[in-house]
Amino acid sequence: MTIKIYSLKDIKQLIFVGNLAAKILALINEYIKSEINTEEINNICHKYIETKIRCISATIGYKGYQHATCISTNNIVCHGIPNYKKQIKTNDILNIDVTIIKNGYYADTSSMYIVGNKRKKKTYKVCKRAQECLNKAISVLCDGANLSKVGDTIQTHAKKNGYSVVKEFCGHGVGTDFHLKPQVLNYNGYNNNDVLLKQGMCLTVEPILINRGTAIKILKDGWTTTTQNKSNSAQWEHTLIIKQTGVVLTTIR
Ligand code: MF3
Ligand code: CO
Ligand code: CO
């Protein structure tokens, strides 16, 4: 499998767009309040992408998707479609996922937000544990590492804490396109097809944890993916570049 290796010039651009993507997730934080609906949240991000940081949304028009963000609340696992009828309320948890393009380079990142400051332990914890999975997985990557370490690390940490990992979605190569090779599995599933990481590769890591159970379903809209038992799920995502001794997180905040 040939995986693209980016030059230093490319990497500069990838970091540039990554930092812009991170800004969207930082800027939106102050708007995450009870009563706002997910379409309004999307519109703020969309406007910021086009007029403030002057980027292109990679998701608008992607396989027919029509929004600049995916906003996945509570039991929505991923690909939640922004909707004016979906008003958020205290103790909701939501994932906002953005992918943008600048000068032909992509950045893909998502973060969890908790509505209000009366943090219920259970809702807070799934978010926290999913973030830990992401950070632990990132910390084992470098030139010469096997890609399967990502899934091993995520699965081990999730399991230890009593959460299940969603296997139906994965991270991916990214850079000069949205979804490139390789698939970055969140569990141990490469068998004999493990990938040896090399300096200059650009990937996303994006684990999803579910509070309890593993079954998911895709709704009739063709996008919205939910847990079958209505339990909450959480996801975090960074875009990163493999370096000699570690990684550069392009979407770091
Ligand atoms: N951003 C998602 C990912 O992490 C993909 C969303 S595709 C969309 O790969 F069309 F739903 F936006
Ligand atoms: Co992604
Ligand atoms: Co994403």
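**View 1. Asparagine 74 lies in the loop between β2 (70-73) and β3 (76-78).** Strands here are DSSP runs (E, at least two residues), numbered from the N terminus. The model is predicted: local features need pLDDT of at least 70, side-chain atom pairs count only at pLDDT 80 or more, and totals for chains, interfaces and linings use all residues. Residues are numbered from 1 along each chain as its sequence is written, and side-chain values use heavy atoms, with hydrogens and water left out. Asparagine 74 is not a glycine, yet its phi is positive, about 45 degrees. With a relative accessible area of 16%, asparagine 74 is buried (under 20% relative accessible area; exposed is over 50%, partly exposed in between; 1.4 Å probe, protein chains only).

**View 2. Asparagine 91 sits in the loop between β3 and β4 (93-102).** Asparagine 91 has a positive phi of about 80 degrees, although it is not a glycine. Its relative accessible area is 13%, so it counts as buried.

**View 3. Lysine 181 and proline 182 are joined by a cis peptide bond.** The omega angle of this bond is about 0 degrees. Proline 182 belongs to strand β8 (residues 180-184).

**View 4. Histidine 172 is in strand β7 (residues 171-173).** Histidine 172 is buried, at 6% relative accessibility. Not counting residues up to four places away in sequence, histidine 172 touches residues including Pro182, Glu206 and Glu237 (contact: heavy atoms within 4.5 Å). Its side chain makes a polar contact with the side chain of aspartate 108 (2.9 Å); such a contact is a pair of N or O atoms within 3.5 Å, and within protein one must be able to donate a hydrogen and the other to accept it, while residues adjacent in sequence count only if both atoms are side-chain atoms.

**View 5. Glutamate 206 is in the loop between β9 (202-205) and β10 (208-210).** Glutamate 206 is buried, at 9% relative accessibility.

Technical notes. Chains lettered and ligands numbered in written order. Helix = DSSP H or I, 4+ residues; strand = E, 2+ residues; numbered from the N terminus.
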